[in-house]
Amino acid sequence: MDKLQDLAVAIVVAIITWGLTTLARRRADREAERTALQDQADTFVVAVADVQAAASVARQLYEAPASYL
């Protein structure tokens, strides 16, 4: 009977360990995805700022009097 209890305890411990490992792995994956999305958002913000700056320069050049050119 002791061997059966030991086996049951071992199975329960294995299931708990598997569950905790899966949980930790999923949490790490979510964190990696969150970091990747944050990097993409930062890159997008920089790209938008570059486009706005280029549009501003183009507008200034287009609207500038011919005497400045």
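This report walks through the fold, surface and side-chain contacts of a predicted model.

## Ground rules

Residue numbers start from 1 along each chain as its sequence is written, and side-chain values use heavy atoms, with hydrogens and water left out. Because this is a predicted model, local features need pLDDT of at least 70 and side-chain atom pairs count only at pLDDT 80 or more, while totals for chains, interfaces and linings use all residues.

## Overall shape

The protein chain has one helix and zero strands; both are DSSP runs, numbered from the N terminus, with helices being H or I of at least four residues and strands being E of at least two. The radius of gyration is 30 Å, well over the 11 Å that the globule rule gives for 69 residues, so the protein chain is more spread out than a compact globule. That radius is taken over C-alpha atoms, and the rule is 2.2 Å times the number of residues to the power 0.38.

Along the principal axes, the C-alpha atoms fill a box of roughly 100 × 10 × 5 Å. For a sense of spacing, A47 and I11 sit 36 residues apart along the chain, and their C-alpha atoms are separated by 54 Å.

## Surface and burial

The accessible surface of the protein chain is about 6,400 Å², and 66% of it belongs to carbon and sulfur atoms. Areas come from the Shrake-Rupley method with a 1.4 Å probe, and for residues only the protein chains shown count as cover.

M1, L4, L7, I11 and I15 make a nonpolar surface patch of about 560 Å². Patch residues have over 30% relative accessible area and no salt bridge; nonpolar side chains (Val, Leu, Ile, Met, Phe, Trp, Tyr) are joined within 5 Å, and like charges within 9 Å. L7, one of the patch members, is in helix α1 and counts as partly exposed because its relative accessibility is 48%. A47 is also in helix α1, and is partly exposed at 36%.

## Two threonines

T22 sits in helix α1, which covers residues 2–63. T22 counts as buried because its relative accessibility is 15%. A polar atom of the T22 side chain lies 2.9 Å from the backbone oxygen of W18.

T43 is in helix α1 too, but T43 is exposed, with a relative accessible area of 54%. Here the backbone oxygen of D39 lies 2.9 Å from a polar atom of the T43 side chain.

## The salt bridge

The count comes to one salt bridge, meaning a side-chain nitrogen of Lys or Arg within 4 Å of a carboxyl oxygen of Asp or Glu. R34 pairs with E31, and their closest N and O atoms are 2.8 Å apart. Both residues lie in helix α1, three residues apart, or about one turn of the helix.

E31 counts as partly exposed, with 41% relative accessibility. From E31 to T43 is 12 residues along the chain, with 18 Å between their C-alpha atoms.

Definitions and conventions: Buried means under 20% relative accessible area, exposed over 50%, partly exposed in between (1.4 Å probe, protein chains only). A polar contact is a pair of N or O atoms within 3.5 Å; within protein, one must be able to donate a hydrogen and the other to accept it, and residues adjacent in sequence count only if both atoms are side-chain atoms.
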